[in-house]
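Thank you for making time this morning; I would like to walk through one structure slowly, taking a few local features in turn. Please have the sequence and the view open while I speak.

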Amino acid sequence: MTNFIDVALTPAEALVMPADCFVVVDVLRATTTIATLFERGTLDLVVVDDIELARRRAHDEGRLLFGEVGGLAPQGFDHGNSPLEASALDVAGRRALLFTTNGTTALCALAGRGAVVAGAPANVAATARMAATCSRVVVVCAGSDRGARFALDDFAAAGVIAAAISIRSPGARVGDAARVATELVEGAPGRLGALLRESHHGRLLARLGLAADIEFCARVDSSAAVPVVVDSGPGWATIENRAGMNG
């Protein structure tokens, strides 16, 4: 059972917070896409923090290449970073690779520092079940500008995740940031969706014609996946779906 829950506003903050489980959230859109790809049957997924490494490893390992720069798929990528698109793909048994501006950088930065899970409202119940087996849990906002700045969308999603973990561990102490994040989204149906749409990142996606992705990212429990980092090295991490391994 979890004894302490908090939220890190950026990955750099998480690096100085003691925890045995880090739940990384990049709701718009990397961790939502990851949860969706595993829900569709992806065998495993490599995340990287460098676009050229992404191209090279995807080619060498025969992986489907997903990702974005500025919200759009870079030249030569098989697919963008759209969870809505991913929800319609036949990826069962396939291996994939994902590069994004913020989310994959955060996952790579935290890899090896304890259990690292890719979480989002899309897989919040499954993520909370896994996290509730750990004593100290930090929900990490991927942020913007490669993790250097606060992002409202991730903070709101972190509140949803922290609340779900708290429900499964009612005696857990809650840190200041987790308390504020939880209060931000509680008590009003549709609050999460509104915050995602109103965030800087949400407005950017809308201008790019990707508003449908925002609505998809606001959906709760569209995936039962538990994407956990199982291996890592400089600038990369391998993620597998560990759903069903925790009560």
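This is a predicted model: local features need pLDDT of at least 70, side-chain atom pairs count only at pLDDT 80 or more; totals for chains, interfaces and linings use all residues.

Helix α7 covers residues 152-168 and helix α9 covers residues 191-198, and their axes come within 8 Å of each other while crossing at roughly 165°. Angles over 145 degrees count as roughly antiparallel, and α7 and α9 are therefore described as roughly antiparallel to each other.

Helix α7 also meets helix α6, which is made of residues 124-131, and here the axes come within 9 Å and cross at roughly 50°. That angle makes α6 and α7 oblique to each other, and the crossing in which α6 passes α7 is right-handed.

In the loop between β7, residues 136-141, and α7 we find Asp 145, which has a positive phi of about 55° although it is not a glycine. Is Asp 145 buried or exposed, or something in between? With a relative accessibility of 48%, Asp 145 counts as partly exposed.

Asp 221 sits in the loop that runs between α11, residues 211-217, and β9, residues 227-233, and at 39% relative accessibility Asp 221 is counted as partly exposed.

The bond from Leu 28 to Arg 29 is cis, with omega near 20°, and Arg 29 is placed in the loop between β2, residues 21-25, and α2, residues 30-39. As a general point, most peptide bonds are trans.

Now to the cysteines. How many disulfides does a search of the whole structure find? The search finds 0, and Cys 108 lets us follow the reasoning, since its sulfur is 17 Å from the closest cysteine sulfur, that of Cys 21, which is too far for a bond, given that a disulfide requires two cysteine sulfur atoms within 2.5 Å. Cys 108 is buried, and its relative accessible area is 13%. Cys 217 is in no disulfide either, with the nearest cysteine sulfur, in Cys 141, lying 15 Å away, and Cys 217 counts as buried at 0% relative accessibility.

Another buried residue is Leu 98, which has a relative accessible area of 0% and lies in strand β5, residues 95-99. If you look for Val 46 in the view, you will see a contrast between sequence and space: Leu 98 and Val 46 are 52 residues apart in sequence, yet their C-alpha atoms are 6.3 Å apart.

I will finish with the aromatic side chains. Across the whole structure, a search finds 1 aromatic pair. Separately, which residue lies over the face of Trp 236? That residue is Arg 57, placed at 4.8 Å from the ring centre.

Definitions and conventions
Residues are numbered from 1 along each chain as its sequence is written. Side-chain values use heavy atoms; hydrogens and water are left out. Rings of Phe, Tyr and Trp (its six-membered ring) pair if their centres lie within 6.5 Å; planes under 30 degrees apart count as stacked, over 60 as edge-to-face and the rest as tilted. A charge sits over a ring if NZ of Lys or CZ of Arg is within 6 Å of the ring centre and within 35 degrees of the ring normal. Buried means under 20% relative accessible area, exposed over 50%, partly exposed in between (1.4 Å probe, protein chains only). Axes are lines fitted to C-alpha atoms, for helices over the stretch in contact, and angles run from 0 to 180 degrees between N-to-C directions. Helices (H or I, at least four residues) and strands (E, at least two) are DSSP runs, numbered from the N terminus. Angles under 35 degrees count as roughly parallel, over 145 as roughly antiparallel, 65 to 115 as roughly perpendicular and the rest as oblique. A crossing is left-handed if the near helix is turned anticlockwise from the far one by less than a right angle, and right-handed if clockwise.
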